[in-house]
4 protein chains.
Amino acid sequence: MGRSEAVSLGDTFDRVRRRTLMLAEPLSDEDCGAQSMADASPVKWHLAHTTWFFETFVLERFEDNFAPFHEAFRFLFNSYYNGVGARHPRAQRGLLTRPPMPQVRAYRSAVDARIIALLAARPGDAELACLVNLGLQHEQQHQELILTDVLHLLAQNPMRPAYTEAAPGAAGPAPALDWLEFDGGVADIGHGGAGFCFDNELPRHRQLVAPFALASRLVTNGEFCAFIDAGGYANPSLWLAEGWDAVCERDLAHPFYWQCDGAGRWHEFTLHGLQPLDLARPVSHVSLYEADAYAHWAGARLPTEAEWELAAAGAAVEHGRLQPERAAHGGLSQMFGQLWQWTSSSYSPYPGYACAPGALGEYNGKFMLNQYVLRGSSCVTPAGHARASYRNFFPAGAQWQFTGIRLAR
Amino acid sequence: MGRSEAVSLGDTFDRVRRRTLMLAEPLSDEDCGAQSMADASPVKWHLAHTTWFFETFVLERFEDNFAPFHEAFRFLFNSYYNGVGARHPRAQRGLLTRPPMPQVRAYRSAVDARIIALLAARPGDAELACLVNLGLQHEQQHQELILTDVLHLLAQNPMRPAYTEAAPGAAGPAPALDWLEFDGGVADIGHGGAGFCFDNELPRHRQLVAPFALASRLVTNGEFCAFIDAGGYANPSLWLAEGWDAVCERDLAHPFYWQCDGAGRWHEFTLHGLQPLDLARPVSHVSLYEADAYAHWAGARLPTEAEWELAAAGAAVEHGRLQPERAAHGGLSQMFGQLWQWTSSSYSPYPGYACAPGALGEYNGKFMLNQYVLRGSSCVTPAGHARASYRNFFPAGAQWQFTGIRLAR
Amino acid sequence: MGRSEAVSLGDTFDRVRRRTLMLAEPLSDEDCGAQSMADASPVKWHLAHTTWFFETFVLERFEDNFAPFHEAFRFLFNSYYNGVGARHPRAQRGLLTRPPMPQVRAYRSAVDARIIALLAARPGDAELACLVNLGLQHEQQHQELILTDVLHLLAQNPMRPAYTEAAPGAAGPAPALDWLEFDGGVADIGHGGAGFCFDNELPRHRQLVAPFALASRLVTNGEFCAFIDAGGYANPSLWLAEGWDAVCERDLAHPFYWQCDGAGRWHEFTLHGLQPLDLARPVSHVSLYEADAYAHWAGARLPTEAEWELAAAGAAVEHGRLQPERAAHGGLSQMFGQLWQWTSSSYSPYPGYACAPGALGEYNGKFMLNQYVLRGSSCVTPAGHARASYRNFFPAGAQWQFTGIRLAR
Amino acid sequence: MGRSEAVSLGDTFDRVRRRTLMLAEPLSDEDCGAQSMADASPVKWHLAHTTWFFETFVLERFEDNFAPFHEAFRFLFNSYYNGVGARHPRAQRGLLTRPPMPQVRAYRSAVDARIIALLAARPGDAELACLVNLGLQHEQQHQELILTDVLHLLAQNPMRPAYTEAAPGAAGPAPALDWLEFDGGVADIGHGGAGFCFDNELPRHRQLVAPFALASRLVTNGEFCAFIDAGGYANPSLWLAEGWDAVCERDLAHPFYWQCDGAGRWHEFTLHGLQPLDLARPVSHVSLYEADAYAHWAGARLPTEAEWELAAAGAAVEHGRLQPERAAHGGLSQMFGQLWQWTSSSYSPYPGYACAPGALGEYNGKFMLNQYVLRGSSCVTPAGHARASYRNFFPAGAQWQFTGIRLAR
């Protein structure tokens, strides 16, 4: 790798890191400190943890005479890396009023300066470039989580505050849902090109896929209303057993952020605050339970991840703007930039998968159980972070992510 | 179907139903009434529920002027069929001291007589034969559960009672573990023959399997001791994240029914009571977490269900005797009749799977989420119930089933 | 103490011990083994524990060359005596299908014979007589618990089985509720006579009691219906904070064993099975929360235990028959033999109270926190077990005991 | 009441309200927003709730054309008054990042101005004066809770931040513990003078108290160390049953804020941060369980609240400085201003107690169950808030309050 590329990585580093801080701009320090549930993290913690990642996996590896910014941060901002040592309990992240936000900002600045210095000092170091790049991809994942977790936090507040004012969306109905036919066959699955990918996208391998059809766009709020009106949440025969248990235990009757006003009108809580439900936009914040039950009711099914990847081969990778928008046209659309799409595929290693040695091997592999793969990207995924082979994953009951429904049959 | 076959089905019916009662013979009525955890059921409940199955899905369907044996039993002995109506809460089955055992025996006799009469009256009725046969397969599944649940119940008792006296086992060490190579290729997976299979074994379909190697026998207690001695339960890098959480929360340090005496010697609680651990027998009652961690430590992995099925094509289907026994010979062994073998495959529908209409459609399909496939059969599986395409399934943390470890690589 | 008294104690011993077995006669072995909640115990456990009490506190103390009937029973049937050693977890008593009922009966017989022999061998031993008598009082407490816990167990069964057939009760309305005035003053509180009492009734001491009035009889089902009809369970201002929390969390809307049939008619589950609610009988199975809220609504309050004891000085000690009955006459009635009466007094030691040394000191003293005193006796208290100074106690939320409401002001 | 008194109340109002804000000065907005457990509240919430109290019970009652500062605050900052309407769930107070701190400060200022105006406009209004005074007493209770809850929050932080720097304490050992004898007799208990008291201190009434002795000072850290060293936390015979359960379930082995460093030295977390344990200071942050077990071990007992009140008649009411200090002299000391002192008295209404009508009646009365009375005051009680008849109360297991041990016998 030549010098110009190292400079370019430094620029990218600077841009990505600054964008994370920009996401916190509409928020007060109080907003940044609160944790709304164990699965979500405070914004301040995201800001510190992404910095910890660079400090731990880059500075500590490459700096001579490395000394941590603060000894306690090693413990406080480790997310789940057993290989790095003990860590603060996940559910208590909201109690860390110290370090205060200004100190976390200082932490970011100090680590940023040291990374930039390191890149300048080791212009041709491929391992360094590789780890910095991993850190940036990691940072982008947390950029999405920041917006996802902020939405959840603001939704807990009876005052229903908005993260930011709404931009006007396009008007009009969604295009008709078409079925696009695919031939199947022996397909190459997994990442194949030269760019970055996570280890869980490898190795590229061959898989036999039967012919299938995929819906041209995501299921809309209006279509999901029809499912509700038809008694979908009251009919156990549509649901997986575990899904039906969730419906009964949590009294589920609609997607996560929907609420009914006194006059029986649906509204949805969004990053722009509470809004009347737009029937033409894709239904969002549904669990795999809900996605599967809807598909069952609609006489369809969810795609496998191989089917989805095969279909996505030629799709344009777009990115979105804080809220999913209606499909713009007929033909295959909304594969990227609107909502993550539940597949029926359990998250498991590709044949021949090997995780990295050391603590970084914990990045992906140890989660390959009882989680399901989501494909595509969402309206809060950063630009440049999506690709056809990307494997996102969450437990089947997760509702607070930006998730939607793509049908197959 | 000719008359002789109907007679033969009646004989089979009689034999299978009587065997269930025989399993209860070493037990007192008190033993039969207790429920040791929500996942296990009292023996009495198993006896009644299997009868309810015939009453509900056969008698009610075919008898003119059907009247239930007892109105309340419809509610009490429904396991999980929403389509049949409300049901008694699973965790409270141990509180049903009424109906008492004699009444449950009378229930069995009465339904048996009516089934026999029905078979005699409708000798050529293929649908009847099919449903009776399904009921018998279902009964055999519960025969295995009776022994599995009884073991769990007796294990809770500090007096460590045995279900039955031990038969002498073969002495000597286990044969060496060999690696048997398989070519892979496009394989036909799923049930293909004429005999009975469950709907989850269908449709038979083609799958691309890469070359692989399978261990010739199951992992032994002795081999698992080496994992423990090497600190296997204290090393998070060997475990899936969810498995490590279980280790920490439940303080796991050994297989489910092992215990250490004061002198540091391992014993195992079995249907024959507490016995010194036999190092040559296969390790049993391990969760998928433990199976996966062991495989990781041993530099191997668990097989996929397709690999297992491909390898099992020529294996002899044997059945066992209440306790797993050491492998008798080199070459592929212990595929059946010792312990169910965890695979890395999530339990999901085969391509094109369609569940039956009505309540019987709830038999399998609705459980295809967050469960993992086990292949083979165990030492408490009834003779005649095992086959290469059989898909057993349990959650990854389940320990009370007769489960073991077959390695692949 | 002379020989004749020892003989007499032997007769009493024999009579009390036989009565316990008689209580189990309407029950099957299955009924005797089940445990319906952690607070209740199986009948078999009661039979064994009361025997353990004699074995541990009498035989072990007095027999030369004492050997336990069964080593494991020391652990299995210890209720809460830390001083005796470890014990089986309370919530798992229902899993002890072994020892089976016949062995528990044999345990009783063997210990009984040894106690009788001991009494014969040591005719003048006052300490022995004292401990045997304590064991009999303890046995009588468990006789009440057997019926209380059986009622709870049978109530869990959707088949609503009766413990025994109902005897016809007296017809007609309850007499009017009168207020009886008492002067108060410095009263002697606590046990004063020569007969047996528990340590918590001592020492007798002086207390200043202000003038008060006591209701002539218990609150009836009919009166409690008026509280319900007036919205009593929906009005937080009537309830203690902890009581209102219980109402909300447990969705309380009526006394514990009441249920409404399809036509809106109240029924009550009793030891005689499900019966139409008799409006003239006292309301039973109410918690202190409910008793206090009712009193609040009725413009009254609950008595203190000192007030109750002062008033009970001259009351006849009657005993009842499995179900509370309507008051037979005007004037002070139903002080004994119907329902335990909640007082507003926290269960605390009398001034100068000292618990016994050793394990028997755990009998009462260690429970003197967060429990409330009930006075009188109930329809399932054995004859001869009640007295004015008796202090029963339960947590404020307990509903499964035979508890009722006596008003004061 | 004349004009001068109304002016004086306005001054007091101003002084008390300003002191609350001063308590928040060492804290960041982040510190003020976090909630460390359901029993504790964020400082911001305390600031808002005390303001809500004045708005709801004074402004709404007296202002013409009353309009709330913010409609949502009525819901958000109601603590437990069912009579005022629905309220935000207690455990979610830490999620209220909006309103932000500046808005809460503005809320305080606005309500303060309106109260001052009201006092000026209605100079002789006794009911107004009475309610404002109640609001100030309430505010002072929350001043204590602010410091108590902040200590708990900071203690959760592995960085162990101090609320404020420590002032130097007096050196030297504690004076010897003497036993002071009291005669007992018929005592007048309850508030009797002209000043303010809460309704739970009324009515003043007569009670018969037996002769007793009271320890001259509180139990010290050094004395409590001796209890620990003697195996106090491992000996069930010293503990109430519920206390022993807590020891086992929560693995209790020392007072709440103690911790042992690597060298076996005790430290205590305080508002001044982590400090070496000072053996001469009183042991603090103990539950009633621990206080009772210690007293049991020391051959003593806890006082009743009547005994305490009788003894306190002549004691000087001092106030403390953020941390309990060693006793300054022999003779009766530390009755006030160091630590609340657990009594053996259950919190129950005095004879003839009547709670106020309306929502203010919920202030005290509904909590009179399963709580125990503490007497005196603590080092974080505001000056002027303590008196001999004051009845503080907490559940027996509470550890996060400033609680200590005074022995009696």
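Author: Happy to. In this predicted model, the C-alpha centres of domain 1 and domain 2 of chain A lie 27 Å apart. The bounds are 9-156 for domain 1 of chain A and 179-404 for domain 2 of chain A.

Reader: How do you know that residues of domain 1 of chain A are in contact with residues of domain 2 of chain A?

Author: Two residues count as being in contact if their C-beta atoms, placed from the backbone, lie within 7 Å. By that test, 18 residues of domain 1 of chain A are in contact with 16 residues of domain 2 of chain A. On the domain 1 side, helix 6 (residues 126-155) of chain A gives the largest share, 10 residues.

Reader: What makes up that side of domain 1 of chain A: how many residues are nonpolar, polar or charged?

Author: The side of domain 1 of chain A that touches domain 2 of chain A has 8 nonpolar, 8 polar and 2 charged residues. Gly counts as polar in this tally.

Reader: Which residues of chain A does UniProt list for a domain?

Author: An unreviewed UniProt entry lists residues 178-316 and 328-409 of chain A under "domain: Sulfatase-modifying factor enzyme-like". In the model, residues 178-316 of chain A are 26% helix and 22% strand, with end C-alpha atoms 18 Å apart. Residues 328-409 of chain A are 0% helix and 20% strand, and their end C-alpha atoms lie 23 Å apart.

Reader: Why are chain A and chain D said to be related as by a two-fold rotation axis?

Author: A rotation of 180° with 0.0 Å of shift along its axis superposes chain A on chain D, with an RMSD of 0.0 Å. The two copies are therefore related as by a two-fold rotation axis. In chain A, the C-alpha of A:Glu30 is the nearest to that axis, 2.4 Å from it.

Reader: How do you know that the copies meet through the same surface?

Author: Of the interface residues of chain A, 100% are also interface residues in chain D, so the copies meet through the same surface.

Reader: Over in chain B, why do strand 6 and strand 7 count as a pair?

Author: Pairing needs at least two bridges. Strand 6 (residues 266-270) and strand 7 of chain B have 4 bridges, in the antiparallel sense, so they pass the test. Within this pairing, B:Phe269 stands opposite B:Leu274 in strand 7 of chain B.

Reader: And what makes strand 5 and strand 7 of chain B edge strands?

Author: The open antiparallel sheet of chain B has 3 strands in the order 5-6-7. Strand 5 (258-260) and strand 7 (273-276) of chain B each pair on one side only. From one strand to the next, the twist averages 35°.

Terms used
Residues are numbered from 1 along each chain as its sequence is written. Chains are lettered from A and ligands numbered from 1 in the order in which they are written. This is a predicted model: local features need pLDDT of at least 70, side-chain atom pairs count only at pLDDT 80 or more; totals for chains, interfaces and linings use all residues. Helices (H or I, at least four residues) and strands (E, at least two) are DSSP runs, numbered from the N terminus. Axes are lines fitted to C-alpha atoms, for helices over the stretch in contact, and angles run from 0 to 180 degrees between N-to-C directions. Copies are superposed by least squares on the C-alpha atoms of residues with pLDDT of at least 70 in both. UniProt positions are given in the numbering used here, feature names are shortened, and annotations may be inferred rather than shown by experiment. Domain bounds come from an automatic or database domain assignment.
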